[in-house]
Amino acid sequence: MDDKKIEEAVKLFLEGIGEDIHREGLTDTPKRIAAMCKEIFGGLNQDAGEFLSRTFNAVNNEIIIEKDITFYSVCEHHLLPFYGKAHIGYIPDGRVLGLSKLARTVDTYARRPQIQEQLTAQIADDIMKYLKPKGVIVLLEAEHMCMTMRGVKKPGTLTTTLLGRGVFENNTELRNSFFQLLK
């Protein structure tokens, strides 16, 4: 990331909304925003394959679920946050992931300017690509600040996205098992 460009953009933005960029509370804001960008957009420089390539042999070929993975992202349309929980289930085909790898995958894609629908697909597609399970299902529930702070102004509204790949695509019984286990 280019700190200087971000700092200049923040100064222009602050001037554009009518602020005095030399005011005491704002003098270091451009530097703080540049540092923040490295953190919240750090997924732009990451490859989820780094985490998903580390697998282990397993005899368990039943559904494995990791739920309530907290994530924070930024809407690419308004540059406002959206945040929520990710729930991921997969059926191994002889290989499993370490427990932290699903959460790291969610973070990798969430830490980019993003839309929730794309985030859901990126997580599912990379799990299929690297782990090669029999199937994966990804459910995201998130509150979007672009619906809360501006526009329609409906705080507490959750957007849910669901995507199944492999055996989860058309198998209603497996999908229902996933939902039962989330309760």
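Visitor: How many salt bridges does the rule find across the interface of domain 1 and domain 2?

Guide: The rule finds 0 there. Keep in mind that this is a predicted model.

Visitor: What makes up domain 1 and domain 2?

Guide: The domain assignment gives residues 3-41 as domain 1 and residues 48-182 as domain 2. Their C-alpha centres lie 33 Å apart. Domain 1 brings 4 residues to the contact, and domain 2 brings 4 residues.

Visitor: What is the area buried between domain 1 and domain 2?

Guide: About 340 Å². Carbon and sulfur atoms give 59% of that area.

Visitor: Which three residues supply more than any other three of the area that domain 1 buries against domain 2?

Guide: E39, I40 and F41. Together they supply 96% of what domain 1 buries there.

Visitor: How many salt bridges does a search of the whole structure find?

Guide: It finds 4. One of them joins the side chains of D3 and K38.

Visitor: Why is the pair of D3 and K38 called a salt bridge?

Guide: The N to O distance is 3.1 Å. The cut-off is 4 Å, from a Lys or Arg side-chain nitrogen to an Asp or Glu carboxyl oxygen. The D3 and K38 pair therefore qualifies. Side chains of opposite charge can pair when their charged atoms come close.

Visitor: Which parts does the D3 and K38 pair tie together?

Guide: D3 lies in helix α1, residues 3-16, and K38 lies in helix α2, residues 29-40. The pair therefore ties together parts that are 35 residues apart in sequence.

Visitor: How many aromatic pairs are there by the rule?

Guide: The count comes to 3. F71 and F82 form a pair.

Visitor: Why is the pair of F71 and F82 called edge-to-face?

Guide: The ring centres are 6.2 Å apart, and rings pair if their centres lie within 6.5 Å. The planes stand at 80°, and planes over 60 degrees apart count as edge-to-face. So the pair is edge-to-face. F71 sits in strand β2 (residues 64-75) and F82 in strand β3 (residues 81-91), so parts 11 residues apart in sequence are tied together.

Visitor: How many helices and strands are in the protein chain?

Guide: There are 7 helices and 7 strands.

Conventions:
Residues are numbered from 1 along each chain as its sequence is written. This is a predicted model: local features need pLDDT of at least 70, side-chain atom pairs count only at pLDDT 80 or more; totals for chains, interfaces and linings use all residues. Side-chain values use heavy atoms; hydrogens and water are left out. Domain bounds come from an automatic or database domain assignment. Contact means heavy atoms within 4.5 Å. Buried area is the accessible area (1.4 Å probe) that two parts lose on being put together, summed over both. Rings of Phe, Tyr and Trp (its six-membered ring) pair if their centres lie within 6.5 Å; planes under 30 degrees apart count as stacked, over 60 as edge-to-face and the rest as tilted. Helices (H or I, at least four residues) and strands (E, at least two) are DSSP runs, numbered from the N terminus.
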